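Subject: Structure handover

Hi there,

Here is the structure I promised to pass on to you. Have a look at it first, and then read on for my notes.

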Amino acid sequence: MEKLVDSRGSACPGPITDLSKAYRNSQVGDIIVLWATDQGVKADAQAWAKRTGNEILEMKEEPDKIVIKIRINKR
Amino acid sequence: MEKVLIVGGGAGGLILANSLDLDQYDVTVVDKEAEHYYQPWYLYVAFKGSKRKISRPISKLLKPGIRFVRDTIKEIDLDNKKAYGSYEVIYPYDHIIVATGTSPDPNVIPGLSQIYNQVGDFHSNLQNSRKLWNSVKNFKGGNIVFGMASPVCKCPPSPIEGVLLLEEYLNKKGLRSKTKITYFTPYPRAYPAEPMNRIVEPMLKERGIEVMPFFDLDMVDTENRKIKSIEGDELNYDLPIIIPPCKGTKIKFRQDVKDEDGFIKADKYTMRIKGYDDAYAVGDVNNLPTSKTGVTAHLEAKVVANLIQGIYDKFTGRINCPFDMGYGKATFVIADYENPVVEYPPSRTKHFMKMSMARIYWLTLKGYMDPVFDFYFEFTNPRKLNEKYNKTNPPKASSQPQ
Ligand SMILES: Cc1cc2nc3c(=O)[nH]c(=O)nc-3n(C[C@H](O)[C@H](O)[C@H](O)COP(=O)(O)OP(=O)(O)OC[C@H]3O[C@@H](n4cnc5c(N)ncnc54)[C@H](O)[C@@H]3O)c2cc1C
């Protein structure tokens, strides 16, 4: 299942909390698409994926947002 | 007169009710409790044993002319504009505001309810905060694990405030050298917002508190006194201090407006429940991309009061969370949708401000402090503060909708 997490505008607690929350509610094989505006999300999502054993499929910068696509490989 | 129904007499619900023109609107507040509690003080109950009275009857916090009903709302039908209470009482409305805050749910983490019942916690209610003070008072040294059981909780600084106040207490009691404190968090660092973390992490280090990042609590093994994370790590404990998972509302909606954790999906500028012009979700219960705090609930309530009364307004995502760092110092977490968190240095003055808030809180609910707040919010405008303090922070992409 693909799930969109719109975290645009969140500075505190920030997009990483929304990603963790989506992860909790996900299953192996799910795709999480995270939208954020906080630049810190790029490094955070990478560190998070590495630590949790999940995979970043795509990370791109659009004019109004950063889009990160993650596949859940581990739960 | 148009009927305004406010479900929840917490910070958001009360400020909203007191901001409406009572000559124009027939206002009813429904709450399942008779008393309103000043939740930030749970910290001082749990870690300092404070006995200060922190509740007032909701009926006394409302301006004359506003009706208060003690009842639990069970179900809401947004299409037919009706809310359903206990004993089949029906509340019809023209405008509804759901401001029911969050509810703790320890049962979703195996083993946690036992800790919730035996050790207590400092987020759920006054009784559990007192229970935690008892556990802290009777602690004689050993391993303390301290953290939150879900990625989302109200008042993001409060877990760190708690651990810093606990460290101060143990130090004063002479138990510090006999105690190892580990702060666990699902985030990559102690404080989720990077600029504030630059202040927080050195402070935790200085006070000898270990940080365990990427620790998303999965279960509590009460038999072997261990907590385990989804990521596969384990920590041993003698005293576990754990904020239970924070969920949205249990109210049943006939329409699909809640996310999987029970938070209500609402517009981040107007707080309107998605798809409805006459229904709003204010405060902790909504899913806005901002912190769940009393200040946020306050600002959202002001915007909604204007919108109901036909005055154009828009919530900016402004947050302003007081952050007690122990030993008489504090700071504030300040940001909005457009500006990142300010790296705002702690000071004694800011601690004094946090403590003063506890005194003027009751006046704030009635709107008597509005001019002071207007001045303060402009004085601490996130854009200006960012220019002054955030030297290393990159600018954010715009978050305006296209
Ligand atoms: C330890 C701690 C420290 C904090 N520190 C700060 C701080 O320093 N600054 C700050 O701004 N915020 C702080 N907060 C957060 C702040 O307390 C909350 O964000 C704020 O109370 C949210 O207001 P609300 O109106 O959304 O919900 P609440 O104030 O929680 O009110 C919800 C109300 O709805 C009622 N209710 C719930 N369900 C129903 C139902 N079905 N029917 C009828 N009534 C119902 C409840 O009884 C309650 O009265 C702190 C919180 C904690 C726990």
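B:Y87 sits in the loop of chain B between strand 7 (82-84) and strand 8 (90-92); helices (H or I, at least four residues) and strands (E, at least two) are DSSP runs, numbered from the N terminus. Although B:Y87 is not a glycine, its phi is positive, about 50 degrees. With a relative accessibility of 81%, B:Y87 counts as exposed (buried means under 20% relative accessible area, exposed over 50%, and partly exposed in between, with a 1.4 Å probe and protein chains only).

Before going further, please keep in mind that this is a predicted model, where local features need pLDDT of at least 70 and side-chain atom pairs count only at pLDDT 80 or more, while totals for chains, interfaces and linings use all residues. Residues are numbered from 1 along each chain as its sequence is written, chains are lettered from A and ligands numbered from 1 in the order in which they are written, and side-chain values use heavy atoms, with hydrogens and water left out.

Another residue other than glycine with a positive phi is B:C155, at near 55 degrees. B:C155 belongs to the loop between strand 11 (142-148) and helix 5 of chain B, and is partly exposed at 22% relative accessible area.

In chain A, a cis peptide bond joins A:C12 and A:P13, with omega about 5 degrees. A:P13 is in the loop between strand 1 (2-7) and helix 1 (15-24).

Now to where the chains meet: 42 residues of chain B are in contact (heavy atoms within 4.5 Å) with 27 residues of chain A. Between the two chains there are six salt bridges, each a side-chain nitrogen of Lys or Arg within 4 Å of a carboxyl oxygen of Asp or Glu. A:D44 forms a salt bridge with B:R189, where the closest N and O atoms are 2.6 Å apart.

Enjoy exploring!

Best wishes
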